[in-house]
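Here is a short briefing to read alongside the model. Have the sequence and the 3D view open as you go.

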Amino acid sequence: MKLTITDWWSVAGWKWDVPDDDVCGICRAPFDACCPQCKIPGDDCPLIWGECTHVFHMHCLLKWLEAESSQQQCPMDRRVWVTAS
Amino acid sequence: MSRPTPQGLEELYRDCEGLCLHKYGSDIYAMVQAELESYTRQRLSDISRQHDDLVGGSVLVQTEQFWQGYVQQLAMIKCIFLYLDRTYVLQTANVASIWSMGLAVVRQCLVDTDMKTKLVRLILGEVTKERDARPANHPALVSLVQMLVDLDLFAQFFMPSFIDATRDYFSKESRRLIGSLAAIQTEAEPVPAAQPAGVMTVPQYLAHVKRRLEEETQRVARYLIPSSKTVLLSATVSELVERHTERLLSTSFEAMVDAHMVSDLANLYSLLLSVNQLGALKRYWGLYVKKIGLQLMQAPDLDTSLVSDMLALKRRLDSILQGAFQSNGVLAHAQRDVFEEFINSRRGKIAQLMTKYIDQCMRSSEQAASEEGIDGLLDRIIALFRYVHGKDLFEAYYRRDLAKRLINDKSASIDTEWSMLQKMRMECGSGYTKRLEGMLRDMADSGDLVKKFASSQQGREANTVGFHAVILTQAFWPTYEPLPLVIPREAERMQEQFVQFYNEKHNGRNLQWQPNLGTCLLKVEFDEGPKELTLTLIQATVLLLFSDCRELSYAQIQANTGLEDVELKRTLQSLACGKHRVLTKEPKSREVAETDSFAFNAAFKSPQVRVKIGQILLKEAEKETKEVEEHIQLDRMYRVDAAIMRILKARKQLEHTALMTELLGQLKFAISLAEVKERIDTLIERDYMKRDDANPSLYLYLA
């Protein structure tokens, strides 16, 4: 008796690599949801990781960095923001 | 007066000239007038006397003859007394020319005696004869009406009586015909040998009215003055139609629409339009559409045939609206309102059935080959979609079906999928279809990704022949419960390689495999020969266990796959108790027990080389529907909360009723007041808002 796999279709869903139910430190919305400006989560509203290990909705962080009062710091630890590569 | 004179006409003219020169103008004028008066009076009273015997014809003829002669001779008199006309008449104020005076004399004579009334009565008698299609003295009619026009008696005196007579005539006729209207014979029924004379159906009656109007229009052209046309036609149609609007509609409107009598309905429409009775037509049209629609909606077992019935109904109604009612805005509006009402009469049912119907269309390639093509069908579906309330629910159902189509590769054409989404986007905006479009893009992206994977280093290492992956952006797709399953090592290895490859491409993403969605193609050597089996990943995983051992117990299978009881039982059932039994079960029975043991069925036989092993369906459909509805309910709750807060934030404080009005204006779905109150209470509880201390119906915004 012989059983061979000819074709194998897998289905996977992707989520952001952050703990479940974790929220963005700026907008307080879950990472799995989108920032307040967007309607649909996913590629169009990505996350951004800093070298300080903090994560935000990219749109939220960019908005924050644009504000003068931010002094280009991470809103969580006040270190200068450097995007992790 | 017509006797030849002893003197020549020129001599007479010269005499007149001479007298005028000697200032006898006014005397001659008075004498001519007196002469005309006495002549006219004499002739008319002669005719009038005969008249009393009521033999209309001869009086009519004689009057006509008198008039013809009189006009001729008056012309002659005018010539003889031309000098008088040119001098005395012109130079003296308030004296009419001989011609006008001559006509005024006749006019006066007619008015002074009862001749005028009698004459009008006689003319009307002739008209009635014409209407009855009896022989009438047409030349006399023409000439006498012209006389009345010339004598300036037409508009003031003749027309009112004429219109009265017209109304009277058609009022009697319509009452007679309407009183004995016959029912419309449908084609199925045997046609009665002959209708009793004078009995009409409504369509026949309408055609009759059209004919009558045509006749009256011709009458105007033949012997009335053009300006009388409007009055005459409106009197006619008002008697024939306006008074009977209700009766006409209530007798046969439904039957006419049922029988699709477009040209007769067009008659009805144009007649009712001309008498300003579209309101009644609108009412009947609305009632009809509603009746048919509710019949469809209230059937106890609704299935997708409802949708095709609706589409057919809409097509039928639209063709009447266009063909018979000239796409009249009022009627179209009534139809739309009624459609919207009944289509939503069973809450979300229509959304569910419509998405199911679309799913069937999208799965079969037959539709594309049909007469109107898939695009036409989609357009008609969209027209129905416009009426559906609660578009969010529709989207949720649609998404569920689309997900199944895409993941199971059941869509007949991706182009058609795109074109449907485009149509939905045109209706509801890009936000509405964003997730659905994302799903289609995910599918395309996954295809590219798999190709790249196959040629990548990891892909080559894993020897990924036949490995496919579909990567879903979880935010677009319906949520699926993760399912614990230990898949075969070979597949596991390929998946691991793929994850490595994927992570290199996309930073910060976590892949979660969904074994319950995947499928597998297995090549199996049976005694009969090799077969290709199409299976779900779960079925394949279970079956692959048997490549190492011939026989396994339930417990062993469970230990090796990690499947939960419900899922495992249904999978084993599909493999060992279904249509294609690739496993045998000990002891044999329809249900799977935890004490059973299973063996590979090498003796499996099937006429086909490719065999699809169906899955035993749980009562999934119901569960899914419920899930979708709960999900939407939750989503709507958030929307209500958000809307309340938006309004309050803008207003700072607001009365309860004002808040309700604004809220219902903003929300795109129906919601009960009790539900809103509940939302308000939770918002108060969470300190987003509060009631005013003094006035409990006033809400205050809390920042």
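A:Lys15 stands opposite B:Asn510 in strand 2 (509-513) of chain B. Please keep in mind that this is a predicted model, where local features need pLDDT of at least 70, side-chain atom pairs count only at pLDDT 80 or more, and totals for chains, interfaces and linings use all residues. Residues are numbered from 1 along each chain as its sequence is written, and chains are lettered from A and ligands numbered from 1 in the order in which they are written.

**Where the chains meet**
- Strand 1 (residues 3-16) of chain A pairs with strand 2 of chain B in the antiparallel sense over 5 bridges; pairing requires at least two DSSP bridges between the strands.
- Strands (E, at least two residues) and helices (H or I, at least four) are DSSP runs, numbered from the N terminus.
- Chain B gives 43 residues to the contact and chain A gives 25, where contact puts C-beta atoms, placed from the backbone, within 7 Å.
- Elements giving two or more residues to the chain B side include helix 21 (430-455), helix 23 (489-505) and helix 24 (537-544).
- That side has 22 nonpolar, 14 polar and 7 charged residues; Ala, Val, Leu, Ile, Met, Phe, Trp, Tyr, Cys and Pro count as nonpolar, Asp, Glu, Lys and Arg as charged, and the others, Gly among them, as polar.

**A helix pair in chain B**
- B:Ile538, B:Gln539, B:Val542 and B:Leu543 in helix 24 of chain B meet residues of helix 26 of chain B, among them B:Glu567 and B:Leu572.

Definitions and conventions:
Two residues are in contact if their C-beta atoms, placed from the backbone, lie within 7 Å.
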